[in-house]
Structure formats: structure tokens, C-alpha cells
Amino acid sequence: MKKILLTAILGFGLLGNAIAAGDAAAGKSKAAACAACHGANGIGITDMYPNLAGQHADYLAKQLAAFKDGSRPDAVMKPMAAALSDQDMADISAYFASFSRSGEAAASTSTDTASNSTAVATPAPAAPVMLGDASAGKGLYENGDVARGITACVACHGDEGNSKVLINPNLSAQHPEYIEKQLTAFNSGERVDPSMNAVSKNLTKQDIMDIGAYFKDPEAVATVVAAKPSAEKLTFVGDVEAGKAKAAVCAACHGADGNAMVPVYPKLAGQHEQYLAKQLADFKAGPDGRNDPVMAGQVAMLSEDDMQNLAAYFASQKATPSAVESNVVGEKLYQGGDATRGITACIACHGSTGKGSALAGFPTIATQNVDYLKSQLAKFRDGSRNNDMNSMMTGIAAKLTDEDIQVLSEYMSSLK
């Protein structure tokens, strides 16, 4: 018998449109068919079905929409989601979000007491015995492993899996086996998401089991200081010394060490190597890449090796701190976005400290010059710059006002 398998998934939700407001009471009746797999209170009946209770409503609605339009392939979910309207998806999501993560109905839920007593009757299944190391999993989750190219998870999914970004899922109170299953799918490419594929590709089977073990009971290792791997000396694809020799001509605008003194020019010091190499290649491609008459002239005679070496040199340098004061309004928009205007939180891609993700191709924006940040957001907004992956920045910047750009630029520049 066909069932609606409302599968909440792991992963970065990089973009999202404004989510329709859901009605939890209306969602209760619409979600009835979900109970067969996920329980009436959103607690999956087996470890292979994710818990939906207490998950972000925006995230749940986004995943239902992805099942419906096929951007997340699933043989069971696609035909089931096809019958749901946007409002149906919003209502179902609001209903499951109204529960606590343990499956208890929130005090504000409008469902009657008798119905709730039935709804919470299905107990959460006991988590299976894990073979992983919870302490090692905590270390990976909080610190990553630079030497192995593994990015920390905490910036996007929050302390102990409590995500503050509405389009990134909560991992706390989720079945550990389900977490392992999704990480394995991202690792193998079976499930496609540019960010999560890049982040998880260097995870070993043991790493995945360790992270699962951590989420089996985060409180058990709450007092344990997460071990931070002793990273190997940072290595680069390009030749740093060769890049240094080539960089002499760049100093006039970007500074000898990549710390531009003129605010309209970007700091290159400490930027991700592959991001810098891509920008140089895009400048060389001209209108088909990143259109800039000045930079086009500078890169015209550079070979691929030259560009990689330059990128390695500037990436090896240390960025100087910005003297800009933090902006409270900018912080709120950066950290939480604005769902009413369909503006995605910047933290989802650039992280809580503005360091971005080298593996996923998201640049460091911390300590960057304010004037440069403003000019680039404005260019993404008007379309004069469009070399962003999947038009992510173009879509977000199109919804920003001049005031948004100002406060965001000040906050991002102030990040250390």
C-alpha cells in the first residue's frame, strides 16, 4: 500500500524561496497517512525512517517540494508528493514542527487532548548499538579534519545538531542509523547535493559510524573536549614560491601579501586556493566568465599553472583583521536570513565565522574590505557579475535592498 513517506533529509539547503505559512491544525489531518512510517507524532517507527518531530518547518516543506519537482529523486515520494499543494506541504510541515523532538505535543498545538494521547502513543524506537566512537565523532563534527579535507559540521547544523538555520536540518534527536545512511549516500554520490557531496567525500566508513555514534547520545560526551586533529602542514596544489614571483604585479592593487589597502580592491590573503584559481580563470574567460576589463588585461597572458601558483601564494598568506565595527542588523540578516522576503541566511554557505568552505567552493568573506563586499553584492544583484555556482548569489542578492547590502557588508567584514 502506498504511503506518504515524508522523508526529512540531511544536507545543506543552499537556497530557498519564501515558505508559505502553515497551519498545524490543518496539517494534522493531511499528515495522517504519514503515521504509517513516521508515527502520528513524527517519531519514525524504525531507524530507517527519519524523525520529523520538532524539525524546522521550512526545511520539511523544502524537502517535500524537492520530492514533488523531482530535484530529489525518490520512487515512493515523487508520486505521493505530486498530489500535495504548496499549502498542503506547509501545513504538514507545520504540524510535525509543532512537536518537541521527543514527540511530545507543544502546549500551543491546537489538537485536542484525546487526539494527542493517541498521537504520542507510538514510542521512539531504541537506537541500535553503535560500533563507532562517540568522542571521535564529536571531534569530527565540531572541528572537522583539515589535513584530510573534512569540514566541521557545526557551522551549518549547530551545537549538538541544533540548527539555527531554518533550511538546514536539525540532527539532534535523529536516528543515528539514518544519519549514517545519508552521509553514506552523499559520500558515494547516490544522493546529490554540491555542498554535502564535497563535505562528505573524504569521510571514511569509520568516520561516518563515529558521527552516528555521537548522535546516539551527545550528552554522554558533553563534558568531553572534542579532540582537534593535529593538522598536517597546509599544502597547496600550486607552487607558492612560483606564485610569489608572479604576484609582484598584483601588489599595486592587492598588496604584496594580498592584503589590499585600497578598500575597493579585495583582500586575497587567506582566500581558498581553488576559489582564487577559479576567479582568475573566469576573468580570463571574459564575458563568459567574470567580466572585468582591468582584470582581463592582467590575466590574459597567464597560463593555467601561473593562475594556480598565484592562487596558492595568496592562499598561503594571512589576512589582516578588519577595523570595522560589527553591525547588529547585518548579523541578524547574515545569521537568520529573512523568510518573509525569501532571503536565505548567509551562514548556510559562508559559515558562522565567515570562512566559507574550500571544498564546496564558497569563499571566505571574513575581514574582507567593506567597499569591495558592497560592490560585489550590488553586481550580483544587477547581474553584472554572474559567475556564481548555480546562480545562488544572483538569486539571493536580487532580493537585497541597498540598506541590506550596507549592513551585511559591515557585519561580514567584522568577522574574524
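## Report on a predicted helical model

Glutamate 219 lies in the loop between α11 (205-216) and α12 (240-246); helices (H or I, at least four residues) and strands (E, at least two) are DSSP runs, numbered from the N terminus. This is a predicted model, in which local features need pLDDT of at least 70 and side-chain atom pairs count only at pLDDT 80 or more, while totals for chains, interfaces and linings use all residues. Residues are numbered from 1 along each chain as its sequence is written, and side-chain values use heavy atoms, with hydrogens and water left out.

The protein has 21 helices and zero strands. Of its 416 residues, 49% count as buried. Buried means under 20% relative accessible area, exposed over 50%, and partly exposed in between (1.4 Å probe, protein chains only).

| Residue | Relative accessible area | Class |
|---|---|---|
| Glutamate 219 | 67% | exposed |
| Valine 264 | 48% | partly exposed |
| Cysteine 250 | 17% | buried |

The C-alpha atom of glutamate 219 is separated by 8.7 Å from that of glutamate 160, although the two residues are 59 residues apart along the chain.

Valine 264 is placed in the loop between α13 (251-254) and α14 (273-285). Together with Met261, Val262 and Tyr265, Val264 makes a nonpolar surface patch of about 400 Å².

Leucine 408 touches Gly330, Leu333, Tyr334, Cys346 and Leu400, when residues up to four places away in sequence are not counted. Contact here means heavy atoms within 4.5 Å. Among contacts in the protein between residues at least 6 apart in sequence, 73% join residues at least 24 apart.

The structure holds zero disulfides, a disulfide being a pair of cysteine sulfur atoms within 2.5 Å. Cysteine 250 is in no disulfide, and the nearest cysteine sulfur, in cysteine 253, is 8.7 Å away. For cysteine 153, the closest cysteine sulfur belongs to cysteine 156 and lies 8.7 Å from its own sulfur, too far for a bond.

Notes:
Patches are made of residues with over 30% relative accessible area and no salt bridge: like charges are joined within 9 Å, nonpolar side chains (Val, Leu, Ile, Met, Phe, Trp, Tyr) within 5 Å. Accessible areas come from the Shrake-Rupley method with a 1.4 Å probe; for residues, only the protein chains shown count as cover. A salt bridge is a side-chain nitrogen of Lys or Arg within 4 Å of a carboxyl oxygen of Asp or Glu.
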